[in-house]
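Trainee: I would like to go through the charged pairs and the sheet of this model. Can we begin with the charged pairs?

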Amino acid sequence: MVCCIFARILRLMTFQELGLKPELLSAITEIGFETPMPVQQQTIPFIFEQTDDLVVLAQTGTGKTAAFGLPILNLIDSTQQKVQALILAPTRELCIQIANDLNKFAKHLPKVRVVPIYGGESIVKQLKQVDVQPQVLVATPGRLLDMLRRKKVHLNDVSFLVLDEADEMLNMGFLEDIETILQALPDARRTMLFSATMPAEIARIARNYMKTSHEITVGVRNAGAENVSHLYYVVQAKQRYLALKRIVDMNPDIYGIVFCRTRQETKEVAEKLIVDGYNADALHGDLSQVQRDSVMSKFRLHGLQLLVATDVAARGLDVHNLTHVINYNLPDDAEVYTHRSGRTGRANKKGISISIIHTRERNRIRSLEKLLKKEFTQVPVPDGMAVCKKQLFHLINKMEKVEVCDEIEPFLPEIEKKLTYLEKEDMLRRFVSLEFNRFLEYYKNAPDLNVPEKEIKPAKKSEKSTEKTKRKGKLVRFRLNVGTKQNFNINRLLAFINDIVCDRSIKIGSIELIAKASFFDVYADQAEQVFNAFEKFAPNGIRLEAVGTSSSPKSNRKKPQQHKKEPDSSKKSTSNSDKPWRRRR
Ligand code: AMP
């Protein structure tokens, strides 16, 4: 059987040969999928023909949603109104994206219902949606547990469990939640675990909760998408925006996402680009759902050339043919870089991931090179003349290709008469100038944005310590009115906060638990967001209050804490102060 599968893989099967139902085949044809991607070539026949569990090591953007989604939709019984497939994912955005994809695949299977449930949003609406007993549930672990405890979801009939981005779920403290969910599922199920990396904890889950499992690796472990070239420009930090403009001007057909670190930066960069005449818009967490949908659909339909976005806001965006991803700032996490750059170079197309770095960030590029096992190429920021030349020939190419309408014919004799005094060269000069003077004017005295090599110093500090130093003196300590008495521990608390705040960019610092309360640090510039999320989405009875500020993670741990005054503080407490900063969604 295995030989048979290999033989077929070597021959590159079509979707028809993979054995999908006609309803699914017509849906994916309408979406525009022509041939199965490698992860689909390997996974789909395995799910159909074998009974073992499955571990798939694949990066995001490799087509894994269809790899598990299509066979699951093929195998569930659409006449039965009960949850037969459960897909766990780390973030609300990923949940929505998976559910949207699956709903598109199930377009011609009218009885199939796919419902996403996730934290960071009112539970009431979601409870109504699960009431219809969908066949497929896509959930974040925290929200699913909440519903299980309320006995609103029944998982006795689950025959497929997918753990998507399992390594991310672990990073976000969901391990215990996942284990609790796994124990609530019937033994007679198939488990499929998808992960970009294989840390020891994932291997342990696979050992403990999966029957004999088969491993499929797509591409190189921890590698960035194969078709992506990684380029970087070194400029002074204050020249970042000018460098961005040059890069965009140098790529007139660019269709890409500019990733920023904060909402504020996203807004600022987008506003400047719009004022400077670029076809750009911003996508960030401050937009209403209607505004977000409108920006995303404009971008998807190529109504925008550049989308300036935060990582979180861009999660729900599924766009196939980006030419570029631009890191306006490098992300703090190497994994985030992998996610960003994996958004280009998809479906066998070439893509370019550009990073604009400042003079002390070259060591961060070196770490990315090591992690991705890919070479990053430093490119000089083009000078004004190079940009002008590029734009000029872009204009000429456009002119060559422009479709000439018959409707202008009647006007030609008069135009010709009016311009008889002009030589051909003069006429060309004038037409080109008409479009092009704006560029020439802007770039006439454009400065050289490149930093002389001797000024590019290797940074002395690690990525983490750089961030700490930058944000030194800016921590807010929060107190939550639940602790070890309510069965919380550090991981549970982290997962709980994650599920309420639902924002990967928020970092949680030192966590400490006592019997009836717990305490955690967040950076001051993210504190309001955390507080607001708790106000809106925390379960009844949960109260969060800020109990003080401190100067740095280190000093915060040494100094007496504000919560020393708490009645329970003399009792045994647990803390993660040896791990001051946790990865977040
Ligand atoms: P995923 O890894 O599931 O997020 O998929 C990455 C991207 O590839 C998404 O934009 C999918 O719509 C697209 N995709 C998935 N499978 C195919 C396929 N067989 N052909 C073309 N595009 C695909």
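Mentor: Start with a network of salt bridges that links Arg92, Glu93 and Glu121. A salt bridge here is a side-chain nitrogen of Lys or Arg within 4 Å of a carboxyl oxygen of Asp or Glu. The model is predicted, so local features need pLDDT of at least 70 and side-chain atom pairs count only at pLDDT 80 or more, while totals for chains, interfaces and linings use all residues. Residues are numbered from 1 along each chain as its sequence is written, and side-chain values use heavy atoms, with hydrogens and water left out.

Trainee: How many salt bridges does the structure hold?

Mentor: Side chains of opposite charge can pair when their charged atoms come close. By the cut-off given above, the number of salt bridges in the structure is 23.

Trainee: Which residue forms a salt bridge with aspartate 164, and is that pair buried or exposed?

Mentor: The closest N and O atoms of aspartate 164 and lysine 64 are 2.9 Å apart. Aspartate 164 lies in the loop between strand E5 (160-163) and helix H8 (166-171) and lysine 64 in helix H4 (residues 64-75), so the pair ties together parts that are 100 residues apart in sequence. Helices (H or I, at least four residues) and strands (E, at least two) are DSSP runs, numbered from the N terminus.

Trainee: With which residue does arginine 240 form a salt bridge?

Mentor: Arginine 240 is in helix H11 (residues 240-250), and its partner sits 121 residues apart from it, in the loop between strand E13 (351-357) and helix H16 (362-372). Both are buried. With the closest N and O atoms 3.9 Å apart, the partner is glutamate 361.

Trainee: Which residue in E6 stands opposite valine 162?

Mentor: E5 and strand E6 (residues 190-195) run parallel and are joined by four bridges. The residue of E6 opposite valine 162 is methionine 192.

Terms used:
Buried means under 20% relative accessible area, exposed over 50%, partly exposed in between (1.4 Å probe, protein chains only). Two strands pair if DSSP finds at least two bridges between them.
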